[in-house]
Structures are given as C-alpha cells and as structure tokens.
Amino acid sequence: MPELPEVETVARGLQKSVAGRRILSVRLGKTDFIDDPAALERQLPGLWIEKVERYGKFMLLRLSARGDGRGDSGNGDAEAASLLVHLGMTGQLAPCGAAEPCAKHTHVWFELDDGRELRYTDPRRFGRMAYLTAELLAEELTAFGAEPLLVSAEEFASSIRSRKAHIKALLLNQSVLRGVGNIYADESLWRAKIHPMRRGAELSKKQAQVLRRVLQDVLRKAIVARGSSISDFLDAEGEPGEYQRHHRVYGREGKRCFRCGTAIRRVIVAGRSSHFCPKCQPAPRSRKRRS
DNA sequence: CTCGATCCCTGGACGC
DNA sequence: TGCGTCCAGGGATCGA
C-alpha cells in the first residue's frame with residue numbers, strides 16, 4: 001500500500017532508471033483509472049522523461065519535447081507537461097525489457113527508446129493516471145496540504161489544532177498533509193501516545209509538536225528502509241521494502257504493546273482500521289455514563 | 001464549510 | 001476442492 005515512503009522509493013528508482021529516456025509509443029489496456037486515455041496516446045509519444053518526482057502520494061514524470069535531459073534554458077517551460085501517477089493500493093510502475101512476459105493486470109505500456117518498456121500494473125485499479133499541462137497540474141496540486149517532511153512546527157500545529165475531526169482522519173486527509181496513509185498514521189500516533197479518536201482541537205501544543213516529530217522520524221526511517229511491503233508493494237526494481245519489520249502497532253491487533261505489554265486493539269476511525277495501545281494511548285473521555 | 005458514511009475494485013484469507 | 005463471505009484502503013461523492 002504505497003504511502004509517502006513507498007512512493008518516494010519508487011520515484012527515486014524511476015529517476016535512476018528512466019529519467020532521460022524518450023517515450024516512443026503508448027499502449028493501453030483497461031483505462032477506467034486514466035483521466036483522458038486519448039490524451040495519453042496522443043501527447044506522450046516523442047516526449048522525453050526529464051525527471052521523476054514525488055508530490056504527496058503522487059509521482060510526477062516531468063516531460064519535455066526536447067530532451068537534452070538538463071531542464072535547461074530557453075522557453076518551452078510554458079509547454080512543459082507532466083504525467084501524474086497515483087499507485088492507489090496496488091499500483092506498480094516499473095521498467096523491464098520489452099520482450100519480457102507481462103504481469104497480469106498490466107494496463108499501460110510505455111515503449112522507451114532503449115528497448116525497454118515502462119509498465120503500469122494495478123489489479124484493483126484504485127490508482128490514477130493523467131497527462132496534465134503545467135497549468136492544469138498546478139491547479140490540481142493546489143488541493144493538497146503540506147509536505148509532511150517539510151512542514152514547520154507552527155503550520156503543523158495550527159492545521160491540526162484548528163480542527164474538530166479525529167486526529168486519525170486529519171492525518172489521512174490529503175488536504176491537511178499530503179502523503180500520510182493508514183500505516184504511518186497509526187505508527188506515528190502510537191509513538192506520540194495519542195489515541196486515534198482524539199480530536200485535532202483537543203491536542204496540546206506539546207502533543208502536536210511531538211506528533212510532528214515522530215511522524216517525520218517514522219517517514220524518514222521508512223524511506224531508508226525503502227518502504228513497507230505488507231501485501232504486494234514492490235519498488236521500481238521489483239524489490240520489497242523492509243520497514244514492515246519496524247512496525248509497532250499496524251497489523252498487530254491482539255499482540256503485546258512494545259512499550260507496556262497491553263494487547264493492541266483495533267477500531268475503525270474515518271472508515272479505516274486503526275491500531276493502538278489502549279494503555280499508552282488513552283481514549284478520549286466518553287461524555288456519557290457517570291455513576 | 002466540515003465531517004462521516006458509502007462505494008469502487010480484486011485477491012487472499014477463512015469457514016463450511 | 002470449491003464456494004461464499006469478508007476484508008484490505010485511497011479517494012471521490014453525497015448528504016447532514
């Protein structure tokens with residue numbers, strides 16, 4: 001399940017393996033996850049992949065019509081377009097030899113100028129792909145919140161403490177922070193000793209400060225470990241990540257808390273499984289019942 | 001505007 | 001062995 005560290009891992013891999021290559025042709029299978037399939041087929045052939053970047057959980061393949069691989073001078077930038085890719089739950093984007101057999105659920109093939117193909121595979125098709133001009137891309141990206149690894153303490157605290165929603169929902173909300181998903185939300189709440197159903201506005205300044213620090217720490221360590229491979233995440237080289245070995249609560253319902261030994265519990269918050277230690281992460285006071 | 005519930009999709013786990 | 005059911009979850013959408 002690609003979240004920020006997994007997408008960062010894939011983007012870095014693709015930056016190494018396909019940046020500087022030219023797209024010769026595009027072939028499409030199922031297209032219900034593509035904004036405008038015809039635009040891909042029409043616009044991409046002939047363009048160079050200048051650079052692969054991450055934005056939240058998105059990958060941005062920066063394209064150009066010239067392709068000296070240097071971004072470089074001149075105009076043209078007004079024309080610069082990007083391929084936006086979201087891996088959803090099960091998406092994979094990786095290059096391979098054009099002659100290699102295709103994995104099941106391969107839906108997009110980009111023929112490259114070096115005999116390889118960049119292929120997109122996604123069984124559940126929760127992902128998204130779109131060809132966007134610079135202008136449309138800029139518009140698209142305004143909907144997202146701060147980058148978790150760059151957000152200042154002040155901005156983080158104010159965006160959380162001004163909200164009444166559950167803290168878990170806020171961490172998952174891409175217009176608040178971009179890139180955090182279920183695993184890293186649970187892991188950072190456990191480290192910060194904050195119950196997932198606490199309200200954003202309930203957090204003290206100190207708690208917000210701690211939460212930001214542990215979230216950044218978890219994300220950085222997960223990037224070093226090349227992400228978490230829970231079910232089927234593989235990076236652009238086809239390798240699994242290692243960070244699942246460091247999980248403290250995610251997927252550990254019924255097992256002992258690493259800090260206090262209490263059984264880890266799971267509740268649904270914001271429609272998602274939320275794992276927490278009932279002792280280390282005390283529940284908010286429930287308003288009803290007093291004897 | 002804010003928040004929460006529902007739905008999309010497929011493969012894997014599990015019960016009988 | 002096979003069939004049915006449930007669950008995983010990012011994000012779009014809708015209603016309160």
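## A helix on a sheet, and a surface by DNA

Helix 1 lies across strand 2 and strand 3, and the direction of helix 1 is at about 165° to that of strand 2. This is a predicted model, so to speak a computed picture to explore.

- Four strands form an open sheet in the order 2-3-4-8, and their pairing is antiparallel.
- Strand 2 (48-55) and strand 8 (128-133) are the edge strands, each pairing on one side only.
- On average, neighbouring strands of this sheet are turned by 20° against each other, direction ignored.
- Inside the sheet order, strand 3 (residues 58-64) and strand 4 (residues 81-86) pair in the antiparallel sense over 6 bridges.
- Leu-61 has Leu-83 of strand 4 as its bridge partner.
- Helix 3 (residues 134-141) also packs on the sheet, where it touches strand 2, strand 4 and strand 8; its direction makes about 125° with that of strand 8.

**Helix 1 and helix 7**
- Helix 1 (residues 4-18) packs against helix 7 (residues 205-224) at an angle of about 35°, and their axes are 9 Å apart.
- The crossing of these two helices is right-handed.
- Helix 1 brings Leu-4, Pro-5, Glu-8 and Thr-9 to the contact, while helix 7 brings Leu-219, Ala-222 and Ile-223.
- By kind, the residues of this contact are 5 nonpolar, 1 polar and 1 charged.

**Around DNA strand B**
- The surface near DNA strand B has 4 nonpolar, 2 polar and 4 charged residues.

Definitions and conventions:
Residues numbered from 1 in each chain as written. Chains lettered and ligands numbered in written order. Predicted model: local features only at pLDDT ≥ 70, side-chain atom pairs only at ≥ 80, totals over all residues. Nonpolar A, V, L, I, M, F, W, Y, C, P; charged D, E, K, R; others polar. Axes fitted to C-alpha atoms, helices over the stretch in contact; angles between N-to-C directions. Left-handed = near helix turned anticlockwise from the far one by under 90°. Contact = placed C-beta atoms within 7 Å. Pairing = 2+ DSSP bridges.
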